[in-house]
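Please have a look at the picture before reading on.

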Amino acid sequence: MSFARGLIEESQRTHPWLNHQLFKDVWDAKLSHNQVRQVIKQQGAFFLDTIRHAAVRLAAVGGPFPTREDLEMQRAMVSTLVEEAGLDTIGGKQTAHPLLFARLAEGFGISEDELFATDYLPEIVNEKNELFRLQREGPLAALCGGAIASEAINHEHSARMLQAYRTHYGIADDHLTFYAVHAGGVEEEHGERGIELVDRLASTDEARHEGLLAMRRAIAARTAAADAMYRLAQATPR
Ligand SMILES: [Fe+2]
């Protein structure tokens with residue numbers, strides 16, 4: 001098995017988006033509409049800022065002078081940025097993923113004003129800071145902490161969220177495009193692209209150590225955030 005595929009296997013076992021009780025409770029309809037509302041508002045800290053997340057990844061590729069390799073790496077990363085920013089910016093149809101997230105929130109009765117004014121929990125602030133920091137550390141940390149840790153498993157998570165929001169929470173499909181596009185393999189493609197790139201970059205023991213740590217840091221940050229959102233949901237009246 002390749003190094004990157006080994007990382008993905010670990011992510012499938014440990015990533016909160018597939019394993020945390022918070023999401024299991026959503027899939028089993030154990031959280032009320034009102035409790036889920038609070039979770040969605042917190043998730044905006046990251047999901048409303050994924051254009052910049054992809055841009056930071058791209059901007060961290062390169063040194064003082066241009067190289068052919070850096071140029072190729074930048075080209076390999078740009079499609080993720082364009083997808084996040086919206087294919088409608090280059091003549092396609094799908095709009096920006098953060099705008100799709102705002103539409104999801106609207107489906108739960110959260111206006112844009114309320115969504116953007118959310119008071120974020122400390123664990124959510126830390127999560128976002130760590131995920132952005134990983135993107136700034138260079139291609140290997142960025143890919144292991146992003147494409148591998150979360151994007152490679154996101155289609156599975158998104159398919160379950162889509163199903164639960166549609167069937168248990170009665171949200172109309174019009175508000176569910178955010179999870180429909182991610183369940184449909186957009187992020188899986190990010191993940192596939194990431195696998196090739198990571199296997200190319202992880203050519204030494206040192207690099208593999210850095211990559212593994214980067215993935216675990218991302219999962220740790222997401223787990224702490226899920227713990228905090230779970231506590232918030234349970235402290236929210238049903
Ligand atoms: Fe996305």
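How are α1 and α13 oriented to each other, roughly parallel or roughly antiparallel? They are roughly parallel, because their angle falls under the cut-off (angles under 35 degrees count as roughly parallel, over 145 as roughly antiparallel, 65 to 115 as roughly perpendicular and the rest as oblique).

**Ground rules**

This is a predicted model, in which local features need pLDDT of at least 70, side-chain atom pairs count only at pLDDT 80 or more, and totals for chains, interfaces and linings use all residues. Residues are numbered from 1 along each chain as its sequence is written.

**The whole chain**

The protein chain has 13 helices and 0 strands; here helices (H or I, at least four residues) and strands (E, at least two) are DSSP runs numbered from the N terminus. Its C-alpha trace spans about 55 × 40 × 30 Å along the principal axes. For 238 residues, a compact globule would have a radius of gyration near 18 Å, and the chain agrees with its own 18 Å. That radius is taken over C-alpha atoms, and the globule rule is 2.2 Å times the number of residues to the power 0.38.

Buried residues account for 39% of the 238 (buried means 20 or more other C-beta atoms within 10 Å of a residue's own, exposed means 12 or fewer, and partly exposed lies in between, with C-beta atoms placed from the backbone). Of the contacts between residues at least 6 apart in sequence, 81% join residues at least 24 apart; a contact means that the C-beta atoms, placed from the backbone, lie within 7 Å.

The axes below are lines fitted to C-alpha atoms, for helices over the stretch in contact, and angles run from 0 to 180 degrees between N-to-C directions.

| Pair | Axis distance | Angle |
|---|---|---|
| α1 (residues 3-14) and α13 (residues 205-235) | within 11 Å | roughly 20° |
| α5 (residues 50-59) and α9 (residues 122-136) | 7 Å | about 30° |
| α9 (residues 122-136) and α13 (residues 205-235) | within 8 Å | roughly 165° |

In the pair of α1 and α13, the crossing is right-handed. A crossing is left-handed if the near helix is turned anticlockwise from the far one by less than a right angle, and right-handed if clockwise. F3, L7, S11 and T14 of α1 touch R208, G211, L212, M215 and I219 of α13. This contact holds 5 nonpolar, 3 polar and 1 charged residues. Ala, Val, Leu, Ile, Met, Phe, Trp, Tyr, Cys and Pro count as nonpolar, Asp, Glu, Lys and Arg as charged, and the others, Gly among them, as polar.

Helix α9 is roughly antiparallel to α13, and their crossing is left-handed. Residues of α9 in this contact include I124, L131 and L134, and those of α13 include A214, A221 and A228. The contact counts 9 nonpolar, 1 polar and 6 charged residues.

Helix α9 also packs with α5, and these two are roughly parallel. H53, V56 and R57 of α5 meet L131, F132, Q135 and R136 of α9. By class, that gives 3 nonpolar, 2 polar and 2 charged residues.

**One residue up close**

Beyond its neighbours within four places in sequence, Q38 is in contact with L232, A233 and T236. Although Q38 and L232 are 194 residues apart along the chain, their C-alpha atoms are separated by 7.4 Å.

Terms used. Contact = placed C-beta atoms within 7 Å.
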